[in-house]
Amino acid sequence: MGIATSQQLTKYYDQYRDTEITFTKDIIRTLKLDPRQVYVKCNSGQWPCIINSTSFQLAKIIIGVKSGAFAALAIKDPPTVNLKLCFFHDDGQAVNFFIAGKVTKITPYMNSKDLAVVTITYTQRPPDDFIEITGRLLEANANAIRRREERIVINEDSKRKLGLSKEECVVIVQGVPRHCILRDVSFSGAKVILIGLSQYLANKEAVIRMDFEEPAETLSIRGVVVSADLIEGRKDICSASIKFDENVIPLSFKLHINNYLTSVRKTQLSATDQIAMQKAAQQEALAAQQKAAPINGAAQ
């Protein structure tokens, strides 16, 4: 966090302004939200609440109907409120901020008589930290659909940009773990090299485990071996392609893939800009030479 440019933050805000994030356990863990430090503040009071969802425009929180928060927020013309959120950096450092808003809707939660959902519409653009934290996740989800088949060949450079700690991984096929070498990876699948007979791998359910850094974690993704082919010249080693079950792909994995794709795009854009600048400088120099040529000729 804290490394996105103002241009990138504006892009997040404009593209995903109305896209809501529902705070499931996976999202809470991936974004490193501390649910114990979510509060709603109104006048001089501050009460803990449950954040149900958020966008860059509004948030929905859950409170008890018998709580002090409900008494303060459910009046006819409620005053300005502030939603307090707390996230953690990878190094464990907390980042806290308030987002100002107004109560625009209150409804029962899941037909409950004890809980209510309060919609808080923001009255200002949320802090940059909040836009960056949620914007990266929204971008990763969007690219997981739009760029799902883009293959990333594993080498030293891509391994570093992906945050992979090593290219060795484990694939569990029918309950049997097999040590493999990761050859390429995408949002939707992976290709590995492993010891085994191809006819016993194809069309079998599999779980691949990969080790990542920053944060240090082992991610397991369930899928199916859609093809397995023998390596030329070897009868005991094959190349297996695994298609992931899209319903269980961890958000953290999507972020790793998205970080690589965006970093590569930035490098490509930077190289393109440099080439354009060099061409412009060459054209300016040529134009200056052509302008000076008649003067020099006249002097002779």
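Is Ser158 buried or exposed, judging by its relative accessibility? At 1% relative accessibility, Ser158 counts as buried, because the cut-off for that label is under 20%. The legends below go through this spot and several others in what is a predicted model.

**Figure 1. The whole chain, to get your bearings.** The chain has 300 residues, and 39% of them count as buried. Take the contacts between residues at least 6 apart in sequence: 62% of these join residues at least 24 apart.

**Figure 2. Ser158 and the residues around it.** Back to our opening residue, which sits in helix α5, residues 156-162. Leaving aside residues up to four places away in sequence, Ser158 touches Ile152, Val153 and Tyr260.

**Figure 3. Thr134, a buried residue of helix α4.** Now hop over to helix α4, where you'll find Thr134. Thr134 has a relative accessibility of 1%, so this residue counts as buried. Who does Thr134 touch, not counting residues up to four places away in sequence? The answer is Ile21, Leu31 and Phe56.

**Figure 4. Asn141, also in helix α4.** Stay in helix α4 and look at Asn141. Asn141 comes out at 26% relative accessibility and therefore counts as partly exposed; that label covers values between the 20% and 50% cut-offs. With residues up to four places away in sequence set aside, Asn141 touches Leu251 and Lys254. Check Leu255 too: Asn141 and Leu255 are 114 residues apart along the chain, and their C-alpha atoms are separated by 8.3 Å.

**Figure 5. The second largest pocket and its lining.** Asn141 turns up again here, as one of the residues lining the second largest pocket. This pocket has a volume of about 150 Å³. Alongside Asn141, the lining is made up of Ala144, Ile145, Arg148, Phe187, Ser188, Glu246, Ile249 and Lys254. Which helix gives the most to this lining? That's helix α4 (residues 128-146), with 3 residues. Sorted by class, the lining has 4 nonpolar, 2 polar and 3 charged residues.

**Figure 6. Thr262 in helix α6.** Next up is Thr262, which lies in helix α6, spanning residues 251-299. The side chain of Thr262 reaches the backbone oxygen of Asn259 at 3.1 Å. Thr262 and Ala140 are 122 residues apart along the chain, yet a gap of 9.7 Å separates their C-alpha atoms.

**Figure 7. A cis peptide bond in a loop.** Most peptide bonds are trans. The bond joining Glu214 and Pro215 is cis, with omega at about 0 degrees. To find Pro215, look in the loop between β13 (205-212) and β14 (217-230).

**Figure 8. Two asparagines with positive phi.** Most residues other than glycine have a negative phi. Asn43 has a positive one, near 55 degrees, and sits in the loop between β2 (39-42) and β3 (45-48). Asn43 counts as exposed because its relative accessibility is 62%, and the cut-off is over 50%. Asn203 also has a positive phi, near 65 degrees. Its place is the loop between β12 (189-195) and β13. With a relative accessible area of 61%, Asn203 is exposed.

Conventions:
Residues numbered from 1 in each chain as written. Predicted model: local features only at pLDDT ≥ 70, side-chain atom pairs only at ≥ 80, totals over all residues. Heavy atoms only, no water. 1 Å grid on protein atoms, 1.4 Å probe; cavity = no way out; pocket = protein on both sides within 12 Å on 5 of 7 lines; lining within 4 Å. Points joined across faces, edges and corners; volume = space filled by probe spheres on them. Helix = DSSP H or I, 4+ residues; strand = E, 2+ residues; numbered from the N terminus. Nonpolar A, V, L, I, M, F, W, Y, C, P; charged D, E, K, R; others polar. Polar contact = N/O pair within 3.5 Å; in protein donor to acceptor, adjacent residues only side chain to side chain. Buried < 20%, exposed > 50% of the residue type's maximum accessible area, 1.4 Å probe, protein only. Contact = heavy atoms within 4.5 Å.
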